Amino acid sequence: MIDNLSYESVLFKQLPGLMPQSALAIVNELLAPNPLTYIQEIVFLRSLDGKRYREIAVESGYDYDYVKEVGFQLWQNLSHALGRKVTKKNVRLILAGLDSPANSLSNFPLIVRSSALEFPRGPLPVDSKFYVERSAIESLAYREILKPGGLVRIKAPQQSGKTSLVLRLIAHAESNGLVPVVLNLQSADRRLFSNLNDFLRWLCVLISRQLSLEPQLDAYWDEESGSKLSCNAYFQMYLLDKIEAGVVLIFDEVTALFEYPELAQDVLPLFRIWHESAAQNKIWQKLRLIVVHNTELYVPLKLNQSPFNVGLPIELAELNFDQVRMLAQQYELDLRCDELNQLQRLVGGHPYLLQVAFYWLQQDLPIEQLLEEAHTTVGIYHADLERLWNRIQQHPNLLDAFRSILANDYSVPFGAITVYKLESLGLIKRQGNQLMVRCPLYQQYFTAYLS
């Protein structure tokens, strides 16, 4: 009996000859107008040779986790392009078939070559017709960031449209003469989260450079006063003093701080101090803040220190039926009310999952097939579901907690960090004091996997 590794090796050797350049040409045509990047080419060609990700990482000098993520995204892109599941194990077999005259690309009707409609990926551009404004409160956010010292707090699970809204707020700020500065805390080195002084200095340097100012930390940093007072002095006496226009400081994915409670207890109160300083000091009126997070705050803060009970709160809810119908119309789909209801029952009002469905329906995928296969490995969501599965199974405590929520079993209490991480992944939601799986699609898929 041949084990999995041996079987894979035998399979690669027995396949018809597929020249690397032919394979690259096929893939670049499938993914047009976005050809493979250098690292994607490395992962793709080494995978054709049957190399494992760890071998590819060693040979190429790239980090193993990075190579694995590049590979995952590549197979996902190819799956979407071909309308069938593509993996590291079957990619050569599929491409060898496409390389033969009898199986040209024209035989795959789901491949989109020249269509202006792109597969949903990432935040929606400001000019996208597929952005659905949730409620009148969003328009209040546009006004808030124009107020001296304004603070907007945006909360929603992953892939709910937070960054799409932020892009619109940035455009609005720029059109009114304000300068946006975006700080994604996930881009910070992990070591910075272990030391308050290092973190705040990194923050000041990053903001300085985005404002085209030369960092001058040593002139304002006083070890005896402490890093928080030094940071405030640097903002007031240097950053805000040097610029004429107002600044909109966007803290994207501030949730990254929640995993470091001690650091968060020092940093988060600064947001509130900066916001409230505008009432007393004119120079602080130049600063506006946008704080973006995807879960409830679990870091213990005193009531008068928390930035999460001041400013304008915006909680992006899931799309309601009218908004779902409006989005379908933007995709030029003529769906019956019962069909829209079935789709919404499956994925809730999840903006991204709805857009993926509407994209494939636009490519003439029958809605009956879409609904029937949605939670399976051949459905349109298979890559996204596999990504979530891969993330959660790496953490046994998350897996155990999620299994309990799937079974509606709350006999064992969950820690705040566990709940926060499941919320961050977008797998669960709160309904009052109850924790629930975010949508029936996740319930069906993960119940099947975990059983």
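This is a predicted model: local features need pLDDT of at least 70, side-chain atom pairs count only at pLDDT 80 or more; totals for chains, interfaces and linings use all residues.
Which element contributes the largest share of the lining of the second largest pocket? Residues are numbered from 1 along each chain as its sequence is written, and side-chain values use heavy atoms, with hydrogens and water left out.

**View 1. Lining of the second largest pocket.** Strand β6 supplies the largest share, 3 residues. The lining comprises 16 residues, and Pro-157, Glu-315, Leu-316, Lys-429 and Arg-430 lie nearest the pocket centre. Lining residues have an atom within 4 Å of a point on a 1 Å grid, and a pocket is an open set of points where a 1.4 Å probe fits, with protein on both sides within 12 Å along at least five of seven lines.

**View 2. Buried residues of helix α19 (residues 416-424).** Thr-418, Val-419, Tyr-420, Leu-422, Glu-423 and Ser-424 are buried, that is, under 20% relative accessible area with a 1.4 Å probe and protein chains only. The buried residues of α19 pack against α17 (382-393), α18 (396-406), β6 (428-431) and β7 (434-437). Gly-426, which follows α19, has a positive phi near 80°.

**View 3. Crossing of helices α14 (residues 337-347) and α20 (residues 440-450).** The two axes come within 5 Å and cross at roughly 60°. Arg-345, Leu-346 and Val-347 in α14 meet Pro-440, Leu-441 and Gln-444 in α20, contact being heavy atoms within 4.5 Å.

Terms used: Axes are lines fitted to C-alpha atoms, for helices over the stretch in contact, and angles run from 0 to 180 degrees between N-to-C directions. Helices (H or I, at least four residues) and strands (E, at least two) are DSSP runs, numbered from the N terminus. Buried means under 20% relative accessible area, exposed over 50%, partly exposed in between (1.4 Å probe, protein chains only).
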